[in-house]
Amino acid sequence: LTWSLEELAARVGGEVVGDRRRRIERIRTLEAAGPDDLSFLTHPKYLDAARASAAGALLVGRRIDGIVAPQIVVGDPSTALAALLAWLHPEPATAPGIHTSAIVGEGCRIDPSASIGAYAVLGEQVEVGAEAVIHPHVVVGDGCRVGAGATLHPHVVLYRRTVVGERTVVHAGAVLGADGFGYAEAAGAGPVKIPQVGDVALGDDVEIGALTAVDRALLATTRVGDGTKIDNLVQVGHNVEIGRGAIVCGQSGLAGSAKVGDGVIIAAQSGVAGHLTMGARSRLASKSAAYRSVPPGETVAGTPAVPIAVWRRQQALLSRLAELWRRLRRLERPDAARENGEDRG
Amino acid sequence: LTWSLEELAARVGGEVVGDRRRRIERIRTLEAAGPDDLSFLTHPKYLDAARASAAGALLVGRRIDGIVAPQIVVGDPSTALAALLAWLHPEPATAPGIHTSAIVGEGCRIDPSASIGAYAVLGEQVEVGAEAVIHPHVVVGDGCRVGAGATLHPHVVLYRRTVVGERTVVHAGAVLGADGFGYAEAAGAGPVKIPQVGDVALGDDVEIGALTAVDRALLATTRVGDGTKIDNLVQVGHNVEIGRGAIVCGQSGLAGSAKVGDGVIIAAQSGVAGHLTMGARSRLASKSAAYRSVPPGETVAGTPAVPIAVWRRQQALLSRLAELWRRLRRLERPDAARENGEDRG
Amino acid sequence: LTWSLEELAARVGGEVVGDRRRRIERIRTLEAAGPDDLSFLTHPKYLDAARASAAGALLVGRRIDGIVAPQIVVGDPSTALAALLAWLHPEPATAPGIHTSAIVGEGCRIDPSASIGAYAVLGEQVEVGAEAVIHPHVVVGDGCRVGAGATLHPHVVLYRRTVVGERTVVHAGAVLGADGFGYAEAAGAGPVKIPQVGDVALGDDVEIGALTAVDRALLATTRVGDGTKIDNLVQVGHNVEIGRGAIVCGQSGLAGSAKVGDGVIIAAQSGVAGHLTMGARSRLASKSAAYRSVPPGETVAGTPAVPIAVWRRQQALLSRLAELWRRLRRLERPDAARENGEDRG
């Protein structure tokens with residue numbers, strides 16, 4: 001199966017520079033691509049690699065001069081790449097139906113177009129929507145709802161009453177709805193468990209990474225909003241509420257009752273303390289910890305996190321501490337400094 | 001099913017202010033509660049929300065003036081909340097018995113009141129105590145012991161000879177007893193695996209979070225003491241020994257051979273280096289790393305962790321580096337400073 | 001079963017000091033060892049414990065004076081310990097064959113000496129080499145290859161087309177080949193998924209820790225080189241390439257497209273930013289974040305990571321900020337300082 005550049009360009013609203021009838025078989029990296037492959041330039045850093053590539057054609061944001069291969073020029077090559085990958089490299093379809101080894105509890109409502117894999121175990125009163133795919137070894141607790149078109153990869157665990165929205169994807173090993181980490185301090189008796197009787201609800205078009213944990217709420221619902229993407233090994237504490245279109249990168253953690261607004265970006269290995277608010281479209285840099293609420297639109301960094309301009313200035317000043325000492329010592333002993341020939345730094 | 005405030009108050013040793021016969025159906029948050037619900041105030045921060053709540057009654061630590069709803073006043077509302085949640089929102093019971101699809105190896109001793117879920121796989125010589133619940137898809141290695149009343153949630157893995165104490169709860173996806181990370185450096189040949197032949201033992205009333213890993217010891221036993229609570233995605237290295245009633249929050253890690261005393265609190269995303277000791281009731285702040293032993297009762301913070309008072313002072317001084325430079329420059333060029341009209345800071 | 005010291009010493013090229021015919025049953029810690037046990041001294045820190053040990057014999061790097069127990073003296077006691085543990089405490093063998101409950105897809109080629117455990121699910125066209133062990137509940141996607149002698153512990157998930165090299169060990173719950181975390185930013189529409197159509201390949205003699213995630217590449221292959229050891233709860237992003245004999249400690253993360261050279265050591269809870277290179281045999285300290293490429297052989301620390309000598313100096317200067325302020329104030333007000341009797345500190 002091959003496609004002409006003309007077809008591909010039409011698909012993404014792009015324009016072909018060069019031979020419109022050149023045929024493409026698949027998409028490969030700049031290094032690996034050959035004459036039957038389309039490659040792409042989404043970051044100026046790789047311009048030299050693009051010039052050197054043997055790709056049969058290139059997807060670009062603006063025309064590259066001085067190369068022979070034809071180009072598809074589009075306004076946003078990343079989004080165009082996403083569309084072409086989905087088209088040229090579709091996921092293999094999963095056959096609908098319930099595998100004979102799957103265990104389905106009483107009162108479940110499984111859409112006939114859904115797929116339930118080998119050894120999946122569904123509790124009672126579970127609902128699974130049209131074309132949802134539940135892979136082998138998934139465990140779904142009583143009263144859960146899995147939306148139309150959702151995918152639960154192998155070994156996902158949903159504790160009771162978890163809701164997964166439409167087209168939402170949960171990667172292997174993720175655990176949704178485990179107990180929140182809440183204890184009372186009984187004097188002298190050590191931590192006393194506070195039963196966690198709430199649940200978890202993921203919106204539509206959410207993605208949850210492999211081995212990520214989203215704890216259920218103490219009483220109400222831990223929520224992840226529509227279109228939000230969460231990476232691998234992330235911890236989402238009880239009662240957390242995440243808005244729409246947010247991004248939470250790998251190994252980050254949101255402590256209990258944190259509120260994360262629409263479009264927030266939390267970079268990798270960062271933490272948000274409990275009971276605070278990250279305003280809409282605010283950002284937390286990687287390896288940072290927000291201990292205070294962050295206003296909408298603001299970017300913060302460091303531990304404790306401060307506005308990124310402040311953080312950058314601090315880092316610059318930190319790297320000049322030795323100079324600070326030198327200059328202080330010169331002031332303390334001006335004669336010695338002059339003798340040693342130190343310059344004024 | 002409903003309960004009178006009188007019954008509830010008696011249960012937790014509290015006193016009712018207002019109508020003792022008001023009947024309660026369940027416990028809800030201040031925002032969500034209606035006339036049939038009990039809500040609670042455990043943190044003064046939510047006093048306004050408590051006043052505004054439509055809850056039928058409130059559980060409080062001290063009487064709130066000026067509200068109409070009856071109140072249950074107790075000395076420790078958090079512990080009382082824990083008790084009432086367990087009473088009003090009990091976990092659904094699991095039927096005893098071994099699911100027909102479970103595989104049980106030779107020489108196992110399973111108490112008839114225990115529950116072994118679908119597709120659970122138990123090796124040989126496994127002991128499971130009274131009323132223990134082993135959920136679907138749990139894998140238990142040869143020679144493990146699971147104490148009375150313990151719960152292993154779906155997809156938990158116990159490597160051989162792991163011991164789980166009574167009433168201990170292990171959440172979904174946790175892995176107990178995987179190999180410790182130990183290698184010898186053979187000259188020129190890269191890391192050489194040191195076989196890890198020890199095991200893991202959890203005490204009674206322990207809780208292990210989802211997707212947490214506790215590695216088995218090199219030769220002896222990695223131990224988690226009675227009543228200790230470990231959150232999600234925590235790493236406990238080989239040979240670690242944790243005492244009683246300790247708390248380890250999400251995404252923290254304890255490196256090999258660390259010793260953590262009774263009642264220690266390790267906040268989220270922190271690390272304890274190998275071969276050191278956290279004294280009894282010491283505390284490690286979040287996003288911090290202890291590279292030296294911490295005396296009993298001390299609280300440390302930062303990377304490397306220092307006593308928290310020192311850390312706070314350092315943070316304050318850090319935020320004043322720009323001022324330090326301004327004042328230094330003024331000393332260096334007193335005339336210029338005066339001309340520029342800088343104030344004395 | 002017991003062994004004479006003579007036999008053990010021959011096995012590791014060591015020399016016996018004392019009774020060569022003393023017989024040993026197993027290896028234990030210095031504290032736990034009795035007269036039938038061998039113990040060992042691999043770190044001078046434990047010399048006193050070695051002297052006090054009741055062990056029947058000791059494995060040492062150089063002869064300890066003044067102890068009665070016979071000693072095996074070898075050049076590298078850690079490597080010798082690894083060899084003797086493997087010999088005296090062998091892993092129990094797993095019976096070859098495919099468990100009746102395992103599901104094996106069409107076109108699979110399973111070596112007859114391989115072991116496929118209970119409830120394992122293999123997709124289509126999977127290859128499993130000689131003596132490989134696939135434990136219960138492992139899920140292997142279409143087109144995966146598992147090398148001879150490899151071990152996949154319970155609950156491991158391999159997404160389609162993952163390659164696992166010979167003798168490579170993957171611990172429980174690890175997920176290989178989940179989608180990389182790649183999104184385009186469509187103006188106003190939130191993050192748009194970029195399909196991840198590549199795969200993952202692990203070399204030979206690799207070890208992957210429990211609950212570690214290695215994401216598949218966008219288009220090509222995420223690679224882990226021969227002999228590299230990765231600890232628990234580690235995140236390896238899409239397109240990452242790790243060389244041979246590297247070590248990545250617990251809870252660390254490598255962001256997308258990072259390149260990690262041969263023999264690199266990444267200590268615990270650290271992060272490597274995307275698209276950068278850690279040169280061969282470079283090292284990243286624990287709890288640190290590398291935001292720039294690191295030259296071969298260099299050790300860096302801190303966030304952002306800097307050469308470790310720079311980091312140490314910064315830490316020293318940081319701890320002296322209070323002193324800096326005192327001396328600055330004395331310069332600003334020399335008379336006041338003298339009156340207060342401050343020493344020249």
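Visitor: What is the relative accessible area of C:Arg23?
Guide: This is a predicted model, in which local features need pLDDT of at least 70, side-chain atom pairs count only at pLDDT 80 or more, and totals for chains, interfaces and linings use all residues; side-chain values use heavy atoms, without hydrogens and water. Residues are numbered from 1 along each chain as its sequence is written, while chains are lettered from A and ligands numbered from 1 in the order in which they are written. Buried means under 20% relative accessible area, exposed over 50%, and partly exposed in between (1.4 Å probe, protein chains only). C:Arg23 falls in the partly exposed class, its relative accessible area being 42%.

Visitor: Which residue meets C:Arg23 in a salt bridge?
Guide: A salt bridge is a side-chain nitrogen of Lys or Arg within 4 Å of a carboxyl oxygen of Asp or Glu. For C:Arg23 the distance is 3.7 Å, N to O, and the partner is C:Glu7.

Visitor: How many residues apart in sequence are the parts that C:Glu7 and C:Arg23 tie together?
Guide: Helices (H or I, at least four residues) and strands (E, at least two) are DSSP runs, numbered from the N terminus. C:Glu7 belongs to helix α1 (residues 5–12) of chain C and C:Arg23 to strand β3 (residues 23–24) of chain C, so the parts they join are apart in sequence by 16 residues.

Visitor: Which residue of chain A meets C:Arg160 in a salt bridge?
Guide: The N to O distance of this pair is 3.0 Å, and the partner of C:Arg160 is A:Glu91. The pair crosses between chains: C:Arg160 is in the loop between β18 (157–158) and β19 (163–164) of chain C, and the loop between α3 (77–88) and β8 (97–98) of chain A holds A:Glu91.

Visitor: Which residues are linked with A:Glu91 in a network of salt bridges?
Guide: The structure holds 45 salt bridges over all chains. The network that includes A:Glu91 also links A:Glu207, C:Arg160, C:Asp179, C:Lys193 and C:Arg216.

Visitor: What area is buried between chain A and chain B?
Guide: In this interface, 63 residues of chain A are in contact (heavy atoms within 4.5 Å) with 56 residues of chain B. Buried area is the accessible area (1.4 Å probe) that two parts lose on being put together, summed over both. Carbon and sulfur atoms give 67% of the area here, which is about 4600 Å².

Visitor: How many residue pairs are in polar contact across the interface of chain A and chain B?
Guide: Across this interface the rule finds 4 salt bridges, and one joins A:Arg216 to B:Glu91 at 3.8 Å, N to O. A polar contact is a pair of N or O atoms within 3.5 Å; within protein, one must be able to donate a hydrogen and the other to accept it, and residues adjacent in sequence count only if both atoms are side-chain atoms. With both residues at pLDDT 80 or more, the number of pairs is 21.

Visitor: Which element of chain C gives the most to the side that touches chain B?
Guide: Between chain C and chain B the count is 21 residue pairs in polar contact (both at pLDDT 80 or more). Elements of chain C that each supply at least two residues to this side are α3 (77–88), β28 (229–230), β31 (247–248), α4 (308–318) and α5 (321–332). With 8 residues, the most comes from α5(C).

Visitor: Which residue of chain A does B:His153 touch?
Guide: B:His153 is in the loop between β17 (151–152) and β18 (157–158) of chain B. B:His153 counts as buried, at 12% relative accessibility. Not counting residues up to four places away in sequence, B:His153 touches residues including B:His135, B:Val138 and, from chain A, A:Tyr159.
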